[in-house]
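Thanks for asking me to look this one over. My notes follow as numbered points, with the cut-offs given where each term comes up.

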Amino acid sequence: MPSRVAAASRRTRAGAPLPAKFYDRDTEQAARDLLGAVLRCTTSDGVASGRIVETEAYLGEHDLACHAAAGHTARTRWLYGEPGTAYVYFIYGVHWCFNAVTRAVGLPSAVLVRALEPLEGVDLMRERRGVAHDRDLANGPGKLCEALGITGALNGLPLRRSPIEILRGPPVPDSRVLVTARIGITKSADWPLRWLLKDSPYVSKTPRHLRPV
DNA sequence: TAAAGGATTTTCT
DNA sequence: GAAAATCCTTTAC
């Protein structure tokens, strides 16, 4: 493609919702490529969004760290749905966590979004979060849901043309990406690989036993 | 800076 | 009944 056309294409495509096809493929690769994309949520209070700087992949029924290891249940039914839809669950009686469902219908897997760099609606996020520093608005999976107003009501919604969307961002070079693994954190399972943007002040607080691979 | 404990509900054993 | 894809505050060094 001639460079002028490529540039024009980037201009028109930047900010467009990621297509369903983006999610209908290997979950770890989708998790990598979600870095730099924009997660946006619209509620009656307004719009809030952020650039994705940290993700984690949950691969399927064979992955003991994945909720789908328990099989098809009332909770996990969303994981078995269309690629490019929302899976939101409640944890520790306190927090919501947001995932993007990946791979074909019937193959239960998803990417957990773990941290955002705030973009739109920063005042709204401050109001919702009540923290002293903006770097703490969305630097964790529970925090970003509170900041954006994400709840279980969004389960199963497509991530385009809906209150919850993921928009294409500028490509992130591999040199800016750090991959980590942490080993044997539960009795049953190794933790999944995690991707994060090197040197971003907006990544989550990383435990010591997380190590680069 | 790190470690420990509580919050509080859903889910599965 | 126990554990959980977490977060925040308190306490200790």
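**Notes on the model**

1. Just after α5, G149 takes a positive phi of about 80°. Helices here are DSSP runs of H or I with at least four residues, strands are runs of E with at least two, and both are numbered from the N terminus. Please keep in mind that this is a predicted model, in which local features need pLDDT of at least 70 and side-chain atom pairs count only at pLDDT 80 or more, while totals for chains, interfaces and linings use all residues. Residues are numbered from 1 along each chain as its sequence is written, chains are lettered from A and ligands numbered from 1 in the order in which they are written, and side-chain values use heavy atoms, with hydrogens and water left out.

2. The buried ones are P141, G142, L144, C145, A147 and L148. Their cover includes β1 (38-43), β2 (46-58), β4, β5 and α4 (122-129).

3. Now for the chain as a whole. Chain A has five helices and nine strands, and along the sequence they follow the pattern α-α-α-β-β-β-β-β-α-α-β-β-β-β. Of its 213 residues, 46% count as buried. Contact means heavy atoms within 4.5 Å; among contacts in chain A between residues at least 6 apart in sequence, 61% join residues at least 24 apart. The accessible surface of chain A is about 10,600 Å², with 54% of it belonging to carbon and sulfur atoms; these areas come from the Shrake-Rupley method with a 1.4 Å probe, and for residues only the protein chains shown count as cover.

4. Which residues touch the most other members of the largest nonpolar core? They are L34, L39, F98, L148, I150, I164 and I166, in a core of 40 residues. Apart from that core lies another, of 12 residues, among them A65, C97, A110 and L112. A nonpolar core is a set of buried Ala, Val, Leu, Ile, Met, Phe, Trp, Tyr and Cys residues joined through side-chain atoms within 4.5 Å.

5. I166 deserves a look of its own. This residue is found in strand β6 (residues 164-167), and it counts as buried because its relative accessibility is 0%. Leaving out residues up to four places away in sequence, I166 touches A16, P17, L18, Y23, L34, A37, V38, L39, I52, F98, A100 and L159. The C-alpha atoms of I166 and A16 are separated by 8.4 Å, although the two residues are 150 apart along the chain.

6. On to the DNA. DNA strand C is surrounded by 18 residues, the closest being Y89, H95, N99, R129 and G142; a residue is near a molecule or strand if one of its heavy atoms lies within 4 Å of it. Sugar and phosphate make up 51% of the atoms of DNA strand C that come within 4 Å of the protein. By class, the nearby surface has nine nonpolar, five polar and four charged residues (Ala, Val, Leu, Ile, Met, Phe, Trp, Tyr, Cys and Pro count as nonpolar, Asp, Glu, Lys and Arg as charged, and the others, Gly among them, as polar). At least two residues of this surface come from each of β3 (86-91), β4 (95-101), β5 (110-118) and α5 (141-148).

7. An N or O atom of the H67 side chain is 3.1 Å from a base nitrogen of DNA strand C. For H95, a polar side-chain atom lies 2.8 Å from a sugar or linking oxygen of DNA strand C. The R114 side chain has an N or O atom 3.4 Å from a phosphate oxygen of DNA strand C.

8. Finally, two backbone angles. Most residues other than glycine have a negative phi. R103, in the loop between β4 and β5, has a positive phi near 65°, and D199, in the loop between β8 and β9, also has a positive phi near 65°. R103 counts as partly exposed because its relative accessibility is 23%, whereas D199 counts as exposed at 74%.

Methods. A polar contact is a pair of N or O atoms within 3.5 Å; within protein, one must be able to donate a hydrogen and the other to accept it, and residues adjacent in sequence count only if both atoms are side-chain atoms. Buried means under 20% relative accessible area, exposed over 50%, partly exposed in between (1.4 Å probe, protein chains only).
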